[in-house]
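Here's a quick briefing for anyone meeting this structure for the first time. Have a look at the sequence and the 3D view, then read on.

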Amino acid sequence: DINTANQRITKVSYHYYHGSEYPIDTYSDSIKIFMGHTSANTFDETWIPISEMVEVYNGTIRCPGEGDLWIELTLTFPFAYNNVDNLVVAFYEYSPGLHDWGETFLTSETSEVVSMRIRDDYEIDIQNPKTPETWGFIAAYPNIRLLFEDLPPYPVIVTLPSPVDFG
């Protein structure tokens, strides 16, 4: 469905919606986004392992607490899409606590189960997630926008500096 050759994904946007007439305070959540390729067209009870995906974002998402808008995230590590397999995107929110049930990220219905999710009051083990409840199998695509850019003609190296204690 994507049909975009020789490109990499550099940004992803999620369609946020707060349907309550009562706005809530703006908040930020810690998230990770992973991307990968799969030949699967639908999902059954099998997750695509995180180990087969690439972490492309590790940061925060800022939710405004009201409105109907797109939230854009610039990927830390752009993802080279192969234009052959299906794209799989895993969104992992790991901030403590729950938010208002009146807000959501919107989806578009389809006839096949193409999305899976788990919600839990406790931290989820993304290396070995449990099988979702029946409501966790979703016949809908997340409403996302992907920004594609040309692949660079030269190698790109990204480093994330971190402190080292040499004792």
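How many bridges join strand 1 to strand 4, and do they run parallel or antiparallel? There are 11 bridges between strand 1 and strand 4, and the two run antiparallel. Keep in mind that this is a predicted model, where local features need pLDDT of at least 70 and side-chain atom pairs count only at pLDDT 80 or more, while totals for chains, interfaces and linings use all residues. Residues are numbered from 1 along each chain as its sequence is written, and side-chain values use heavy atoms, leaving out hydrogens and water.

- Strands here are DSSP runs of E with at least two residues, numbered from the N terminus, and two of them pair if DSSP finds at least two bridges between them.
- Tyr16 sits opposite Leu69 of strand 4, and Tyr16 also stands opposite Phe105 in strand 6.
- Strand 6 (residues 103-105) is joined to strand 1 by 3 bridges, running antiparallel.
- Strand 11 (residues 144-150) is antiparallel to strand 1 too, with 7 bridges, and Val12 has Leu146 as its bridge partner there.
- Strand 1 is mostly covered, with 10 of its 12 residues buried (under 20% relative accessible area).

**The salt bridge**
- The count is 1 salt bridge (a side-chain nitrogen of Lys or Arg within 4 Å of a carboxyl oxygen of Asp or Glu).
- Glu72 and Lys11 form a salt bridge, with their closest N and O atoms 3.4 Å apart.
- That pair links distant parts of the chain, 61 residues apart: Glu72 is in strand 4 (residues 67-81) and Lys11 in strand 1 (residues 7-18).

Note on methods: Helices (H or I, at least four residues) and strands (E, at least two) are DSSP runs, numbered from the N terminus. Buried means under 20% relative accessible area, exposed over 50%, partly exposed in between (1.4 Å probe, protein chains only).
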